[in-house]
Each structure stands twice: as C-alpha cells, then as structure tokens.
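Welcome! Please take a look at the structure below, and then we will walk through how its parts meet.

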There are 2 protein chains.
Amino acid sequence: MKKLTIKDIAKEFKVSISTVSKALNDSYEISQSTKEKIQKYAKEQNYKPNFNALSLKNRSTKTIGVIIPTMLNYFFAQVFKGIEKTALEKGYKVITCISNESYDKEVEIIEMLSNGSIDGFLLSMAKQTELIHKFDHFKTSIEDGTPIVMFDRVAQSIACDKVITDDLEGATKTVEYLYQKGHKKIAFVSTMSNLHIGKERLKGYKEGLKNVGLQFNKDLVLNVVEQDYKKYKNIVRPFIKNNSIDAVITTGESVAVSVMKAIKKNAQKIPKDAAVIAFSNGILSRHSSPKMTTISQHGEQMGATAAKILIEKLENKTKTITTEIIKTDLVIRDSTRK
Amino acid sequence: MKKLTIKDIAKEFKVSISTVSKALNDSYEISQSTKEKIQKYAKEQNYKPNFNALSLKNRSTKTIGVIIPTMLNYFFAQVFKGIEKTALEKGYKVITCISNESYDKEVEIIEMLSNGSIDGFLLSMAKQTELIHKFDHFKTSIEDGTPIVMFDRVAQSIACDKVITDDLEGATKTVEYLYQKGHKKIAFVSTMSNLHIGKERLKGYKEGLKNVGLQFNKDLVLNVVEQDYKKYKNIVRPFIKNNSIDAVITTGESVAVSVMKAIKKNAQKIPKDAAVIAFSNGILSRHSSPKMTTISQHGEQMGATAAKILIEKLENKTKTITTEIIKTDLVIRDSTRK
DNA sequence: TTTTCATCTAAAAACGTTTAATTACGAAGA
DNA sequence: TCTTCGTAATTAAACGTTTTTAGATGAAAA
C-alpha cells in the first residue's frame with residue numbers, strides 16, 4: 001500500500017540506509033553479496049526512488065514546462081507531440097500549460113512554475129504578448145536561471161534559443177512554383193498580418209514576386225482577422241470576384257477553404273482557372289475538395305528540435321545560443337495544376 | 001540569481017528558519033512586527049517556497065498525470081483543454097503524456113510517474129489496451145494509492161471514477177430525429193466497431209430503429225478500419241451505391257466526408273435525397289460542404305468533469321466511486337433537412 | 001605482537017520545508 | 001519572593017534521498 005522507501009529496505013535487512021542507497025546505486029563500497037540481496041529485494045518489491053526527494057537533493061527535476069497558446073490547432077498539437085516524444089526519450093517529463101493567447105495567463109504560468117517545479121521552458125508566445133510586446137517575464141525567468149527555448153512565435157529581442165519555420169522562404173518558393181505553373185495574378189490572403197510570422201510570409205510573397213519578375217500589387221493582398229471563420233466568406237468572396245486572380249496563397253487552411261468556395265462561386269475551376277495553396281498542417285486540407293496543395297510546416301520536428309536544444313542546455317552540453325530554422329515543404333495535392 | 005530560501009531570509013534577519021517559516025505562514029506564535037518585516041522582505045525578493053521540498057514534506061504534489069491517446073484529434077484536444085483549465089483553477093499542475101494508442105507506452109508512463117511525481121491519473125485508454133484487455137497496470141496504480149479517473153475510453157471492469165459520453169442515447173436520438181424528418185433507410189458507418197464506445201453507438205442506432213418501428217438491416221451497417229482515411233472512398237462508395245440509402249450516421253467526421261462525397265457521386269443531393277450526421281467535434285464538419293450536422297460530444301466539459309472528480313477525491317472530499325455521463329448534443333447544420 | 005591496510009558498513013550532513021517540543025523571559029498572581 | 005502564565009523565539013525531527021566522513025573488522029606486513 002504505502003510506498004516502499006530506502007528506510008524500509010534498510011530495516012528489512014538490518015543495515016543502514018546509506019548501505020541501501022549505495023547498494024542500489026551499485027557502489028564499489030558495498031560487498032557483492034549485500035548488493036545482490038538488496039537489489040533483488042528492491043526489484044521484487046518494485047522500489048522506486050522518490051521523485052521529490054531526488055529533485056530536492058539534485059536540484060533538478062527532469063521536468064520541462066511547456067507553454068503553448070492552444071492545443072485546438074493541428075500545428076501546435078503536432079509540435080506538442082514532438083516535444084513529448086523527445087522529452088520522454090531523454091527521461092524528461094512535461095508539464096503542459098495553455099496560455100490561450102493571453103499575456104496574463106502566460107505570466108501567471110511562468111510565475112507558478114518558477115518554484116523549482118521545472119528545469120526549463122519550451123514556449124510559443126501568446127498572440128497578445130506579441131502584440132503588446134511585453135517580454136519581461138521571459139527575461140526574468142532566464143536571468144533567474146530557468147532557460148527558455150522559444151518555438152514558432154518567438155520574441156526577437158530576447159536572447160534565447162529559438163526554433164522557427166522558414167516562413168519567408170516557404171512563401172517565396174511557393175510564388176516561384178506558381179509562376180512556373182503559369183500563374184501571373186497571384187494573391188496573398190493573410191489571417192495573421194499582425195504577427196511576425198505573418199509579416200515574414202508576406203515578405204516572402206513579395207520576394208517571390210520580385211524573383212520571377214512580377215509586379216507587387218497591394219490590391220492582391222487581403223488581410224482578414226482570424227477566429228471568426230464564419231465571416232471569412234463575406235470578405236473573401238468580393239475579393240475573389242473583383243480581382244481576376246489565377247492563384248491564391250493563404251496563411252491558413254481554414255481561410256483557404258473559404259477561398260476555394262469563393263473561387264467556385266465565381267465560376268472558376270480549381271486548379272484549371274485558379275490555384276490555391278495554404279500554409280497548413282491540418283486535416284482540412286486533406287479532406288477538402290479538391291484536396292489542397294499546402295506549404296507544410298513539420299510541427300513535430302519543430303517540437304522535437306526545441307526539446308532537444310533545451311535538454312542539451314540543461315545538461316550543460318551547450319553554452320551558445322542558436323536559432324534553428326525548420327524548412328517548409330510544398331505538398332502537392334489537387335488544388336494546383338500538375 | 002540563485003533561488004532565495006527560507007534559510008537566506010533567516011540569515012538576513014538573524015532569526016531561526018522556523019521563525020521565518022511561521023512568519024510566512026502568518027502563525028500566531030510570531031509577533032506582529034517580525035511577521036511584517038519578514039513578509040515584506042519575502043514579497044520584495046519574490047520568495048517562493050520550493051516545490052520539491054513542499055511536496056516531500058506534504059506527500060502531495062498538487063500535480064495530475066494525464067495519459068491521452070493522442071493530441072492530434074480535436075476531441076481529445078478539447079478534453080485536454082478542459083482538464084488543464086480546471087486543474088489550474090484548483091491549483092494543480094498537469095503532466096501530460098501521450099500513449100499513442102499503445103499498451104506498452106501506457107504501462108511505461110504509469111510506471112514512470114508512480115514515484116511520487118503525481119497525486120493521481122486522468123486517462124483515456126489506448127486502443128491497444130482496450131483490444132488486448134489488459135488492465136493490471138490500472139489496478140496496481142489504484143491499489144498503490146494513486147487514484148485514476150478514466151474518461152471516454154474507460155475500462156468497465158476497473159473500479160474507478162469514470163466520465164463517459166452518452167454514446168448510446170446520442171445515437172438513438174439521432175435515429176429518431178432522422179425518422180422524424182422522413183428518413184426510412186438509415187445507414188450506420190463505424191470506424192470503431194471494436195471499441196466499446198463504437199459498440200454503444202451501434203447499440204444506440206439499433207435501439208433508435210426499434211423505437212421508431214424500423215427494421216434493423218445488417219446490410220445498412222458498414223464497418224471500416226480507421227486510420228487509412230484515403231481508402232475510405234473505396235469501401236464507402238460501393239456501400240452507398242448499392243444500397244438505396246436516404247440517411248447515414250457515422251462515428252466520425254473524417255469518414256463522413258467520404259460518405260458525403262460518395263453520395264454526391266451517386267447523384268444524390270444532400271440533404272434533399274440523403275442526410276448525413278456524424279459523431280464529431282472537429283473542424284471538418286464546420287468546413288465541409290454542405291456543413292455537417294453532428295452529434296457533438298462536449299470534450300471540454302468531459303475534461304473539466306474528470307479533473308474535478310479527481311481533485312475532489314485527492315482532497316478527500318469524496319469516497320464514493322461515480323460514473324458521470326456527459327450528454328451529447330445534436331448540432332444541426334446543412335447536411336440534414338430543415 | 002603491533003602496525004598498516006583493505007574492505008565493508010554506519011553515522012551524519014545536506015537539499016528546503018513544516019511542525020511539535022522546548023526554552024527564555026518578563027509580567028501577573030499568590 | 002516564588003510560582004505561574006503568556007508571549008516570542010529556538011531546537012529538533014521529519015519528509016526520502018545521496019554523499020562525505022568516520023568506524024569496525026580482520027588479514028597481511030613489520
């Protein structure tokens with residue numbers, strides 16, 4: 001019933017607790033016979049060293065704090081999968097908290113976990129935090145000796161390890177790909193124009209246009225606010241109707257679905273008359289009709305990389321600060337010409 | 001830099017550590033003046049009692065272990081959201097592990113966390129566990145004093161608290177609803193015929209038929225294996241083609257999309273000629289065309305309920321074992337007649 | 001026989017807390 | 001004056017480990 005401790009084992013064999021501890025750790029100081037019987041007994045009784053006692057002693061919890069804006073998003077869920085898997089492989093547990101895109105929640109979580117619960121943080125900023133640009137909580141944590149590795153939505157000005165996707169190049173390459181397939185009027189629809197990664201994608205779009213010799217036309221850029229996906233239609237439809245577009249790049253799959261509907265409504269065939277490509281990792285793109293060509297982001301790899309970097313830092317294998325860039329992939333499906 | 005401890009504060013004021021401890025806990029044994037100056041200082045210096053020391057002393061970690069089959073699933077992600085939110089509100093942290101539907105992983109996780117890392121478990125069984133029907137790891141954990149609350153995929157034979165959805169009634173009501181809208185040939189497509197909840201849904205379907213006086217016809221039941229969603233088409237299309245169906249209930253949204261496509265292919269209009277209703281919480285149903293009518297499962301509420309039950313148990317407010325049933329809701333969208 | 005050494009085991013301190021038991025000291029009551 | 005009491009503080013033990021330091025025993029060396 002009650003958990004077995006080293007003390008109980010000591011009593012069982014009428015030896016001191018230090019003998020038991022050393023026996024279990026296979027110390028040279030302990031005779032073979034003693035070690036054997038103690039180890040055998042411990043195994044039989046399923047003895048497990050108490051986690052809190054160990055953490056207290058070692059001043060290390062083998063636990064990582066993860067702060068993620070939401071889990072109701074395929075990309076972040078993928079990142080989390082990568083984190084959890086890698087952490088477990090390396091013997092680390094994961095305490096996961098959801099910031100819900102709120103700055104206050106983020107601060108609260110960091111506060112709460114800064115009492116020796118965890119060895120380091122893995123986090124992606126809340127939207128609100130990025131908008132109001134308040135990063136003191138991150139700085140404090142790092143200064144207090146709790147390292148942070150940021151992923152996807154990172155704070156430029158904070159000196160810490162980062163893992164990001166190559167949003168810029170992803171967009172650039174996509175424009176080039178579309179141009180190569182014969183598209184000339186390529187639109188860009190963004191649901192994250194206020195976020196850094198949104199800006200990067202736009203920048204990449206412009207760069208792509210320049211690379212292929214197309215003129216940038218601000219009328220072909222549409223910014224919609226995320227969340228109210230039901231309203232996408234009202235904004236997207238006129239945009240498609242009023243511009244004779246032959247390709248659209250979107251920053252997310254949800255709005256891409258709206259775009260596809262609008263294109264069809266506009267009596268254009270996909271991909272014959274107009275192609276659609278979305279930044280996405282979701283399931284929507286795989287089930288839409290036609291199935292969507294996407295710029296895929298390798299969320300799991302991002303999570304795994306971030307976890308690896310943090311753990312190496314915690315185990316003092318690295319001193320330097322790095323920014324790892326995860327490449328995007330163009331996954332060709334049926335919303336683009338063959 | 002280094003974390004402030006009670007000892008440091010004691011040194012600062014040249015008092016004993018117990019005085020500091022009592023002062024911080026506002027004990028009557030300590031004079032007002034001493035309490036004030038110590039509390040003030042602690043606040044200024046942002047003192048936080050060490051988590052591991054506390055856990056060791058109190059034999060309670062205020063931490064919950066969550067074992068979830070996957071996060072790449074909107075329903076489970078919703079459940080997790082509910083868990084995390086409720087836990088945090090009640091001052092609990094959450095260590096989250098993904099079983100990936102694997103029995104071995106599940107066992108490994110329970111082993112790993114059974115060293116005083118957590119006070120209790122919140123879990124939904126891996127598919128494999130349910131199939132091979134091996135529940136000893138659950139039993140052991142409970143016997144060793146670590147309570148478990150199971151959600152959604154629960155082990156009938158284990159005596160512990162459970163939170164489930166009313167799959168049976170959800171299906172029954174749906175059949176009745178469809179009948180009332182004039183449907184007579186109602187099919188049932190399952191992606192989880194081997195899981196208990198799958199069986200419940202089938203049972204509910206049959207019951208519904210009986211209630212409205214329709215004959216059960218096994219030809220109208222289609223079982224497909226989950227996962228290979230790309231292959232759904234090959235199985236679903238002939239099924240739709242060969243049976244003159246006027247309504248379909250599916251256990252998931254992914255296969256429902258296939259069903260809808262097959263119906264269209266079969267030159268039937270949705271919902272005029274055939275209606276489709278899926279058990280689902282996902283985003284697919286909200287973005288499909290037509291938008292799907294669903295039996296919605298309240299994942300967040302399920303998570304919140306499970307967390308609440310576990311925490312009450314941990315804080316000794318409850319002794320009894322309960323099974324909480326979360327009702328489903330029929331969310332009417334455009335794949336059913338008005 | 002005494003010293004020295006090797007081998008094994010035990011005691012004690014430490015990690016950061018809380019709390020029961022104890023002490024110190026001055027004021028009030030006898 | 002002596003006892004009793006109340007207040008404010010300290011000491012010590014405990015939670016479960018690891019690790020440093022110390023001790024015991026017996027055999028080999030002198």
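Buried area is the accessible area (1.4 Å probe) that two parts lose on being put together, summed over both. By that count, chain B and chain A of this predicted model bury about 4900 Å² between them, 60% of it on carbon and sulfur atoms. In chain B, the residues that lose the most area to chain A are Asn52(B), Leu72(B) and His287(B), together 14% of what that side buries.

The contact (heavy atoms within 4.5 Å) takes 56 residues from chain A and 56 residues from chain B. Across this interface there are 4 salt bridges, each a side-chain nitrogen of Lys or Arg within 4 Å of a carboxyl oxygen of Asp or Glu. One of them joins Glu84(B) to Lys105(A), with the closest N and O atoms 3.9 Å apart.

Now for the DNA. A residue is near the strand if one of its heavy atoms lies within 4 Å of it. Of the 29 residues around DNA strand C, those that come nearest are Ser16(A), Thr19(A), Lys22(A), Glu29(A) and Ser21(B).

| Residue | Distance to a phosphate oxygen of DNA strand C |
|---|---|
| Thr19(A) | 2.9 Å |
| Ser31(A) | 3.2 Å |
| Thr34(A) | 3.0 Å |

Residues are numbered from 1 along each chain as its sequence is written, while chains are lettered from A and ligands numbered from 1 in the order in which they are written. In this predicted model, local features need pLDDT of at least 70, side-chain atom pairs count only at pLDDT 80 or more, and totals for chains, interfaces and linings use all residues, with side-chain values using heavy atoms and leaving out hydrogens and water.

Technical notes:
A polar contact is a pair of N or O atoms within 3.5 Å; within protein, one must be able to donate a hydrogen and the other to accept it, and residues adjacent in sequence count only if both atoms are side-chain atoms.
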